[in-house]
Each structure stands twice: as structure tokens, then as C-alpha cells.
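Welcome! Please take a look at the structure below, and then let us walk through a few of its features together.

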Amino acid sequence: MTKLGRLYPLLDGVQLPDNLPYTQVSTWELKFLCLLGRQHLTGQGRVVELGSGGGGSTYALALGLRESPVFDETTGRLHAYDFFHVGKGTFATEKFFTSGTKPADGNSFLDDFRDRLEPFLPFLEIHAGDIWQTSDPDDTTSIEFLHIDIAKTARVFRCVSERFLTRLVPGSVVLHQDFAGPRLPWLHHSTGALLPYIEIAGPPIRSTLAFEVTRPIPEDVLKRISEDDYTLDEKLALISAVQDRIDRDHTGGIPFKSVLELAKAYVAHYAGEHKRAWSIADPLTSDAYLSRTRADHFEQLRTAYETDRAATPRVSPVARLKRLVGKG
Ligand SMILES: C[S@@+](CC[C@H](N)C(=O)[O-])C[C@H]1O[C@@H](n2cnc3c(N)ncnc32)[C@H](O)[C@@H]1O
């Protein structure tokens, strides 16, 4: 059993408080965060949450740290990064406001976040704003725990990989939220690139993949990840390597091999190879889980393929033959 795998049998016994802030993270994932804080983390290295939203996940983690016998609240810090405001392109929802909707006089839910996290404010360090502005490019302090619930675009993932993955050391723990999101394939192929240096905790917990770093990650691997320096075929191979390691999630509800196959279609889609994307996605339309949960993804990939096809002039077989023999 992996070191983090020891936490799985404890999940059922975790009691979360009723007053937890609104969260987009499932109860299973919150329990895992709480367990990590309580049973695993020490606070010796940086404890970092990227994408705290309204504070639900932050609360679960902070609660665990408070109950930990080793985390020292006077010296240990939990770093919370988020825009802490709603608006175009933020991926933050109005539900992060305590009232559940945006007030007329502003778009920031930072005060709401502070109010809810009040019991933990003494060891909470809040970084409010765009992560490209609020993170320090020169900070090289090692990270003990990284909760990634922010990498919803390739632009943000680049910041995460340049400024945070580079600070992972043996023993660091990473949680990738939304690992069941096929539209975020950078989570999947970067994990594939890291496989020789990490140990996957066990089956994903709902949409979360957890791993521990077991060997130093070479600089050139980190550079390739942050510069997105892999060909389409290399990315597909990296995702296949992850498919070999994971199957259904811990609760049995999410078939990760199929989800990751659809993520491959998105790698091709983002590379502008719509025909190839659809050739990967089409056979997956008969997958019961994907057809039920990802109909919009199939629609997007099919439309892109058909739009491409309609824009490409059709050449008759005779004309094609003439061209080939140099008579057309
Ligand atoms: C899925 S939500 C986080 C949910 C949260 N962990 C919870 O427990 O409900 C993603 C968060 O990432 C934040 N985010 C996305 N891009 C960001 C950026 N460039 N800088 C800072 N925050 C960002 C959004 O504001 C949003 O709150």
C-alpha cells in the first residue's frame, strides 16, 4: 500500500461540520483534504491551495491541520490563492458569496471568505488576485502540499507548473482537482510526464487524483511541462501511461480510462486537429458514463470536425489522380 493509500480506509470515519462553506468539491474530496491535514502534513514545507473559491476546500484542509498533532499554528501557514471575485474568465461562481448572489455594490467575495474562515485566519495567508500577479516567480521554497483547483486554462496551468510544480521535492503531495475533466488534458499529460518521479496514492477520489513525489523531478522535465514542449503524439502517449495506472475512482462511479481517452480527443482538438479529435471521440459516444455526463463535449468535438470538413473543398477521385500524375 502507498503511504497516502493508508488514508483511504479512514475516509468513512471523517465527520465534517454542517457549517462548511459552499463548495464545488465533493464530500469525499473534502474528507480526503481533512484527513491529509490531520494525519499526513507537518507544515514544515509550504502548504498551498490554488483555487480556494468560497473556502469550502480551504475549510476542510484547515480543520484537518487544526486537529493535527504535529502542525504548529504559530509557525505553519496555509496559503490560499484565488481571484476572490467573480467576473468574466474567473471560473468563480456567485455561490461563493455568503448570500449566494453577487451584491449590487461589488464583485469581491474576499470578505465573505474571511468571515467563513475566521477560526483559521491566524495561520491562513491569503493571496487575492490573478495567480500570475500574486505568486512570486523567485520563490523557491519547497512545497509540502499542493492542492490544484485552479488550472482550468492552459494559461493558468503554465503558471502552476512554472512557479509551483518546480518547488516539489520528494515527500511533496499533490492533489489535482477536476482530473475527471476531459477538457483539461494538461493535467493528464503532465502527470504522465511525472510518472517516473511520483507514486499515485490509489484510485482517484471522485474527480481528484492524489500523488506523492518519490524522486527529485529533473529540471528538464519540469521545463518541458511548463513550456508545453510535447508533440501531440507524445501527449497522447503520456496520457496512455496514466491510463495504465488508474481505472475506476474510489467510489466506483467514474471510469477514468474512458475519461482519459476523451481527454486525448481534446489534446487533438486544442492542436486544431479536429478530424483526429473526432476519430478518437466518436467511438466513445457509446460509453454509458461519457454519453450521460459529457454530451456537450461530444457536441463540441463533432461540430468542430464538421465545420472543418465543410470548409475543406472536396476533390473528386479523378482530379486527385490527375494531380498525383501531374496532369491536374
Ligand atoms: C473550481 S473553483 C474552486 C473551488 C473551491 N476549491 C471549492 O472548494 O469550492 C476554481 C477557482 O479558481 C479561481 N481561479 C481561476 N483562475 C484563476 C487565476 N488566474 N488566478 C486566481 N484564481 C483563479 C477562481 O476564482 C475559482 O474560485
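Helix H10 passes helix H12 in a left-handed crossing. In this predicted model, H10 covers residues 274–281 and H12 covers residues 295–311. Their axes come within 8 Å and cross at roughly 140°. An angle over 145 degrees would count as roughly antiparallel, so H10 and H12 are instead described as oblique to each other.

Which residues of H10 and H12 meet? From H10 come His 274, Lys 275, Ala 277, Trp 278 and Ala 281. From H12 come Phe 298, Leu 301, Arg 302, Ala 304, Tyr 305 and Asp 308. The residues of this contact divide into seven nonpolar, one polar and three charged.

Now to the ligand. It is surrounded by 21 residues, and the closest are Gly 51, Gly 53, Gly 56, Ser 57 and Ala 92. Helix H2 (56–67) supplies at least two residues of this shell, and so does strand E2 (78–82).

Here are the two sets of residues, listed by class:

Finally, let us step back to the whole protein chain. Its secondary structure comes to 13 helices and seven strands. Along its principal axes, the C-alpha trace spans about 80 × 50 × 40 Å. How does the radius of gyration fit with a compact globule? For 328 residues, such a globule would have a radius of gyration near 20 Å, and the 22 Å of the protein chain agrees with that.

Key. Residues numbered from 1 in each chain as written. Predicted model: local features only at pLDDT ≥ 70, side-chain atom pairs only at ≥ 80, totals over all residues. Axes fitted to C-alpha atoms, helices over the stretch in contact; angles between N-to-C directions. Helix = DSSP H or I, 4+ residues; strand = E, 2+ residues; numbered from the N terminus. Parallel < 35°, antiparallel > 145°, perpendicular 65-115°, else oblique. Left-handed = near helix turned anticlockwise from the far one by under 90°. Contact = placed C-beta atoms within 7 Å. Nonpolar A, V, L, I, M, F, W, Y, C, P; charged D, E, K, R; others polar. Near = placed C-beta within 6 Å. Rg over C-alpha atoms; globule rule 2.2 N^0.38 Å.
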